[in-house]
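The tour below goes from one selection to the next and says what is found at each stop.

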Amino acid sequence: MINEFKQLRVRFAPSPTGKLHLGNARAALFNYLFAKKEKGKFILRIEDTDLERSSLEFEKDIIGSLKWFGIEWNEFYRQSERIETYAKYLEKLINDGKAYHCFCSEEELEAKRHEQMSGGLPPVYSGKCRNLSDEEVKKNQAEGKKSIIRFKSPEKKVKFRDLIRGEVEFDSSLIGDFSLAKDLVTPLYNFAVVVDDFEMKISHVIRGEDHISNTPKQILLQEALNFSQPKYAHLPIMLGPDRAKLSKRHGDTSVSDYREQGYLPEAMVNFMAFLGWNPGTEREIYSMNDLIKDFSLERIQKGGAIFDIERLNYLNGVYIRQKSLDELTELCLPFAPNAEKKQLKKAVALYQERLKKLSEIAELTDFFFKDVLEYNKELLKWKNMTDGETKEILDKLDKILCDISDKKWTKENLEKILMPEAESLKDRGKLLWPLRVALTGKKASAGPFEVAEALGKEKTLDRIKQARELIK
RNA sequence: GGCCCCAUCGUCUAUCCUGGUUCAGGACAUUUGGUUUUCAUCCAAAAGAUCACCGGUUCAAAUCCGGUUGGGGCCGCCA
C-alpha cells in the first residue's frame with residue numbers, strides 16, 4: 001500500500017487568500033524543478049475550501065505569478081469544484097465510526113484550549129462528543145444545534161521519513177480528535193488535502209516546514225481511509241531579517257510586489273532556488289533549465305534562510321545586463337510610460353549596466369525626456385572651480401560643439417575632438433564634469449560623449465546654454 | 001506552556017553522510033586600489049567563522065554520539 005506510485009507526481013496547493021507569497025513561490029519552484037528533473041507531473045491545486053477568505057482575484061495573481069516565472073502545470077484543480085468527492089469519503093468515515101459529529105461551541109473550545117495551555121498541558125480536544133449515541137446526535141441535530149465533524153484519532157506514535165529531515169515522530173495523543181469538516185459540504189484543510197493527494201495520485205508532497213506538524217494528522221487519515229502514503233519533503237522556511245517567518249511586517253512579500261518593482265523572473269528564480277539549495281559547485285548563476293538539470297532534493301538545506309534583498313538586487317543586475325537591448329527596452333517600457341520607444345531604447349542602452357531594477361530607469365534617464373533640467377549650479381563645478389572658470393569651459397564647449405556637423409555627431413568623434421581639449425587642461429574633469437552635469441543635471445550618470453550622442457546636437461547645445469545662464 | 005524542527009563568516013552557503021587533504025572554500029554585502037571625469041560595470045586585494053557551547057568516542061572531530069543553550073515552526077469550525 002505504501003508508495004506504490006507508477007508515476008512521479010507532485011503538487012503545488014496554494015490557497016487564494018492572498019497574493020502569491022515568496023515562500024509559497026519557492027515551494028512551487030522546488031516542486032516544479034523536482035517534477036521536471038524526474039520527468040514527472042506538476043499539478044496545480046487551488047485550495048479554496050474557505051469560501052469566505054478565498055477570491056478569484058488572488059487566484060489570478062497566483063496563476064499570473066507562476067506563469068511569469070515560467071512554471072507550467074500539467075493538471076489544474078479547484079477544491080471548491082470537488083465537494084462531492086470529499087462528501088463521499090466523509091460519509092464513509094462517519095459510517096465506519098472513524099469520524100463523529102461534535103456539538104461543542106467555538107467559545108467552549110477556545111476557553112478549554114487556553115486553560116490547557118496555561119496549565120502546561122498540550123491543547124487537545126477533550127473528546128466530549130466522541131461517544132455520543134446516534135439518538136443524542138439526532139436529537140441535537142433536530143434541535144438545530146450546530147456541529148462539525150471530527151476525526152476519531154487513534155492513540156499511537158506516528159512516524160514518517162522526511163526526505164530532507166529523516167525520521168520524524170509525533171505522538172497522536174498530543175494531536176487529538178482534529179476537525180475534518182464544518183459539514184458534509186464544507187471540508188477543512190487536513191481532510192481535503194488527504195483526499196486530493198490520494199485521488200490525484202500525488203507521489204511526493206513537497207511543502208514548507210510550517211506544515212510538518214500537519215503531516216501526522218494526514219498520515220492518520222490516510223491510514224483510516226486505507227490510502228497509500230506519499231513521500232514527504234519539508235522545505236526550510238523563508239525568514240525575515242529578524243529570523244522570524246517572512247511576513248508582511250518585513251515589507252513586500254508577494255511575487256507581484258517584486259514584479260512591479262522591476263525584478264526579473266530569471267533573477268527571482270535563481271535567487272529563490274539558492275535560498276536553501278545549491279548545486280555543490282561554485283557556480284551561482286543558474287537559469288530555470290540549468291536548475292532543472294542539476295536539482296536534487298538531497299541538497300536542500302534544513303535550516304531556514306533569511307531573504308536577503310541585496311543578493312536579489314545583485315542577481316537582478318546580472319540578468320538585466322544579460323538582456324539584449326531590444327528585450328530590455330521592451331521590459332522597461334511599463335516603467336517609463338511617458339517615453340516613446342525609440343528614445344527609451346537610446347536611454348536604456350546608456351543605462352543597462354547601471355540598472356538594478358527596471359523601475360529605476362525612469363529616474364535615471366529622466367533628463368532624456370525633459371526640456372529644462374533642474375539642478376544646483378554648484379553641481380556644475382569640478383573640484384574647486386570658480387564661476388568664471390566654469391563659464392569659460394561652457395563657452396568653450398559651446399564654441400567647439402557648434403562647429404561639429406550633425407553627421408559627425410557621434411560618440412567616437414565627440415571624444416576625438418573633446419578629449420585633447422580636456423587633456424590640455426591637465427585635469428580632464430575640468431571639462432568633462434561640467435559637460436556631463438550640463439547634459440544630465442546629475443552628479444552620477446553615463447559618460448558625457450555617449451549622452452551627447454544620444455541627446456543629439458541641438459539638445460546638447462541647448463543644455464550647455466541653459467547651464468551657462470545658470471551661472472551668471 | 002506542549003510538541004516538532006534547526007544551528008559553519010553580517011547574509012546565502014561548500015566541506016559533514018563515507019572522521020585526517022581545512023589554522024574551513026565560494027558568492028552577496030563591506031573596505032581599499034586599478035580600469036582615460038562621476039556613477040555603474042569590470043579587474044585585483046583586504047577584512048570577515050576559535051565550524052553555538054559543554055562533554056563523550058577516537059591516535060585524530062566542523063565532520064560521529066549525548067547534553068546544554070539559542071533560534072524557528074505548529075498548536076483554528078484558516079490553509
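**Before selecting**

This is a predicted model, in which local features need pLDDT of at least 70 and side-chain atom pairs count only at pLDDT 80 or more, while totals for chains, interfaces and linings use all residues. Residues are numbered from 1 along each chain as its sequence is written, and chains are lettered from A and ligands numbered from 1 in the order in which they are written.

**Stop 1: the domains of chain A**

Colour chain A by its domain assignment: domain 1 (248–324), domain 2 (325–365) and domain 3 (370–471). These bounds come from an automatic or database domain assignment. Select domain 1 and domain 2; their C-alpha centres are 23 Å apart. Across the boundary, 10 residues of domain 1 are in contact with 12 residues of domain 2, contact being C-beta atoms, placed from the backbone, within 7 Å. The side of domain 1 that touches domain 2 consists of 2 nonpolar, 6 polar and 2 charged residues. In this classing, Ala, Val, Leu, Ile, Met, Phe, Trp, Tyr, Cys and Pro are nonpolar, Asp, Glu, Lys and Arg are charged, and the others, Gly among them, are polar.

**Stop 2: the largest nonpolar core**

Next select Ala28, Leu29, Ala267, Met268 and Met272, which touch the most other members of the 65-residue largest nonpolar core. Helix H1 (residues 22–37) gives the largest share of this core, 10 residues. Both domain 1 (248–324) and domain 2 (325–365) give residues to the core, so it lies between them. A nonpolar core is a set of buried Ala, Val, Leu, Ile, Met, Phe, Trp, Tyr and Cys residues joined through C-beta atoms within 7 Å. Buried means 20 or more other C-beta atoms within 10 Å of the residue's own, exposed means 12 or fewer, and partly exposed is in between, with C-beta atoms placed from the backbone. Helices (H or I, at least four residues) and strands (E, at least two) are DSSP runs, numbered from the N terminus.

Centre on Ala28. Which residues is it in contact with, leaving aside neighbours within four places in sequence? They are Phe12, Leu66 and Ile71.

**Stop 3: the surface near RNA strand B**

Show RNA strand B and the 65 residues around it; Glu47, Tyr189, Gly303, Ala444 and Gly447 come nearest. A residue is near the strand if its C-beta atom, placed from the backbone, lies within 6 Å of it. The elements that each supply at least two residues of this surface include helix H4 (106–118), strand S7 (166–171) and helix H17 (429–440). By class, the surface has 25 nonpolar, 16 polar and 24 charged residues.

**Stop 4: a sheet of 4 strands**

Now find the open sheet with the order S4-S5-S8-S9 and antiparallel pairing. Strands pair if DSSP finds at least two bridges between them. Strand S4 (99–102) and strand S9 (186–187) are the edge strands, each pairing on one side only. Strand S5 (residues 148–151) is joined to S8 by 2 bridges, and Ile149 stands opposite Ala181 in S8. S8 and S9 form a hairpin with 2 residues between them. The bridge partner of Asp183 is Thr186 in S9.

**Stop 5: helix H18**

Select helix H18 (residues 448–455): 7 of its 8 residues are buried, so it is largely enclosed by the rest of the structure. Among the buried residues are Phe449, Val451 and Glu453. Their cover includes helix H13 (341–351), helix H16 (411–424), H17 and helix H19 (457–471). Just after H18, Gly456 has a positive phi of about 90°.

**Stop 6**

Lys39 is in the loop between H1 and strand S2 (41–46), and counts as exposed with 8 C-beta neighbours inside 10 Å. Leu8 is 31 residues from Lys39 in sequence and 7.5 Å away, C-alpha to C-alpha.

Most residues other than glycine have a negative phi. Lys201, not a glycine, has a positive phi of about 55°. Lys201 sits in the loop between helix H6 (189–199) and strand S10 (204–208) and is partly exposed, with 17 other C-beta atoms within 10 Å.

Finish at Arg243, where phi is also positive, near 70°. Arg243 lies in the loop between strand S12 (238–239) and helix H8 (255–260). Is Arg243 buried or exposed? Arg243 is exposed, with 9 other C-beta atoms within 10 Å.

Technical notes: Contact = placed C-beta atoms within 7 Å.
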